[in-house]
Amino acid sequence: MERPRNLVLTGFMGTGKSTLGPQVAAALGLAFVDTDTEIVARSGLSIGDLFAQRGEPYFRLLESQLCQHLASESGRVIATGGGTFLDPATRFAFQSSLVVCLTADPQVLAERLKDRQGRPLAADWRHHLKQRQPIYEALPHHLDTSNLSVVEATQHLVRLWNCR
Ligand code: S3P
């Protein structure tokens, strides 16, 4: 089996992608990129402003284009936004990467998503979670972060990468 190009962390808002990504990257000696951070840097607009001023479809276009580019390269830990894998082209592009879907119990998500700042879709999160569940479930690897410390979750992800 060929080694995966990148380690991609996806999953719903509040599951720990942006927190764990830098830790895992440091532990593996890989570069880290957070797609939301990159989109904000490239567009000069916050995620909230992008949604409000340009609309969600424009944000999704930027997200998809960025992911196509990242998927064509190697050697990164990539934290995506929670909606990134709704795009079939992105799912296809990351087939050569190790994709891990982070999950968390709804009670844990409710707590983690209390502060909605910067997350335009967080007010309606239960609805989005229900709608996206089939897509998340179809992803090849899952890690439930509900009861894991950052160190424990990082160790799981490092092991998963090292097994490939
Ligand atoms: C989104 C999740 C956000 C961000 C944007 C849309 C989503 O990222 O990409 O607000 O559709 O679930 P996080 O999952 O890092 O909050």
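A: Let's start at threonine 84, which is found in the loop between strand 3 (76–79) and helix 5 (88–93). Helices (H or I, at least four residues) and strands (E, at least two) are DSSP runs, numbered from the N terminus. This is a predicted model, where local features need pLDDT of at least 70, side-chain atom pairs count only at pLDDT 80 or more, and totals for chains, interfaces and linings use all residues. Residues are numbered from 1 along each chain as its sequence is written, and side-chain values use heavy atoms, leaving out hydrogens and water.

Is threonine 84 buried or exposed? Its relative accessible area is 1%, so threonine 84 counts as buried. Buried means under 20% relative accessible area, exposed means over 50%, and partly exposed is in between (1.4 Å probe, protein chains only).

Now to the ligand. It sits in the largest pocket. A pocket, on a 1 Å grid over the protein atoms alone, is an open set of points with protein on both sides within 12 Å along at least five of seven lines, and a molecule sits in it if more than half of its atoms lie within 2 Å of its grid points. Of the 13 residues around the ligand, the ones that come nearest are Lys17, Asp36, Arg60, Arg119 and Arg132; a residue belongs to this group if one of its heavy atoms lies within 4 Å of the ligand. The shell holds five nonpolar, three polar and five charged residues. Here Ala, Val, Leu, Ile, Met, Phe, Trp, Tyr, Cys and Pro are nonpolar, Asp, Glu, Lys and Arg are charged, and the others, Gly among them, are polar.

Which atoms pair up with the ligand? A ligand oxygen is 2.6 Å from an N or O atom in the side chain of arginine 60, and a ligand oxygen is 2.8 Å from an N or O atom in the side chain of lysine 17. Glycine 82 takes part through its backbone, where a polar atom is 2.9 Å from an oxygen of the ligand. The protein covers 96% of the 380 Å² of accessible area that the ligand has on its own, with areas from the Shrake-Rupley method and a 1.4 Å probe.

Arginine 60 has a partner in the protein too: its side chain makes a polar contact of 2.9 Å with the side chain of glutamate 63. A polar contact is a pair of N or O atoms within 3.5 Å; within protein, one must be able to donate a hydrogen and the other to accept it, and residues adjacent in sequence count only if both atoms are side-chain atoms. Glutamate 63 is found in helix 4 (residues 56–71) and is buried, because its relative accessible area is 3%. Glutamine 65 also lies in helix 4, but at 47% relative accessibility it counts as partly exposed.

Just after helix 2, glycine 44 takes a positive phi of about 75°.

Technical notes: On a 1 Å grid over the protein atoms alone, a cavity is a set of points where a 1.4 Å probe fits but cannot get out, and a pocket is an open set with protein on both sides within 12 Å along at least five of seven lines; lining residues have an atom within 4 Å of a point.
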